[in-house]
Amino acid sequence: MKKLRIKIKKYFTYLNQCWLRLPLEKQRKYILLFFIGYFLLTVVVMLNAFRSTGKAGKGIVIEHIENPVIKKREVLTGTIDSTINKSK
């Protein structure tokens, strides 16, 4: 685990040095591009959320909660019974 941590730390140090070697204008350009990309991603996600909530029905459907364990047991016992009946 320590070796992995050391490798990650060295890699981040390398990336930081590469970043600092870039001219300031390129750094600003990259930061601006990342910000625009993040902003566009945020807008797309928000529009998708608004679109999906706008399509939802206005009525709320209230149903009883079914226990999946009991449902699974019913299905399993039904298949076991049907195979037993066929073999007789």
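In the predicted model, the backbone oxygen of tryptophan 19 lies 2.6 Å from a polar atom of the glutamine 27 side chain. A polar contact is a pair of N or O atoms within 3.5 Å; within protein, one must be able to donate a hydrogen and the other to accept it, and residues adjacent in sequence count only if both atoms are side-chain atoms. Glutamine 27 is buried, at 12% relative accessible area (buried means under 20%, exposed over 50%, partly exposed in between, with a 1.4 Å probe and protein chains only). Apart from neighbours within four places in sequence, glutamine 27 is in contact with Trp19, Leu20 and Leu22, contact meaning heavy atoms within 4.5 Å.

Because this is a predicted model, local features need pLDDT of at least 70 and side-chain atom pairs count only at pLDDT 80 or more, while totals for chains, interfaces and linings use all residues. Residues are numbered from 1 along each chain as its sequence is written, and side-chain values use heavy atoms, with hydrogens and water left out.

The protein chain contains three helices and zero strands, in the order α-α-α along the sequence; helices (H or I, at least four residues) and strands (E, at least two) are DSSP runs numbered from the N terminus. Of its 88 residues, 1% count as buried. The chain exposes about 9300 Å², of which carbon and sulfur atoms supply 68%; accessible areas come from the Shrake-Rupley method with a 1.4 Å probe, and for residues only the protein chains shown count as cover.

Helix H2 spans residues 24-55 and includes glutamine 27. Methionine 46 is also found in helix H2 and, at 45% relative accessibility, is partly exposed.

The structure holds one aromatic pair. Tyrosine 11 and phenylalanine 12 form this tilted pair, with 6.3 Å centre to centre and 50° between the planes. Rings of Phe, Tyr and Trp (its six-membered ring) pair if their centres lie within 6.5 Å; planes under 30 degrees apart count as stacked, over 60 as edge-to-face and the rest as tilted. Tyrosine 11 is partly exposed at 49% relative accessibility, whereas phenylalanine 12 is exposed at 53%.
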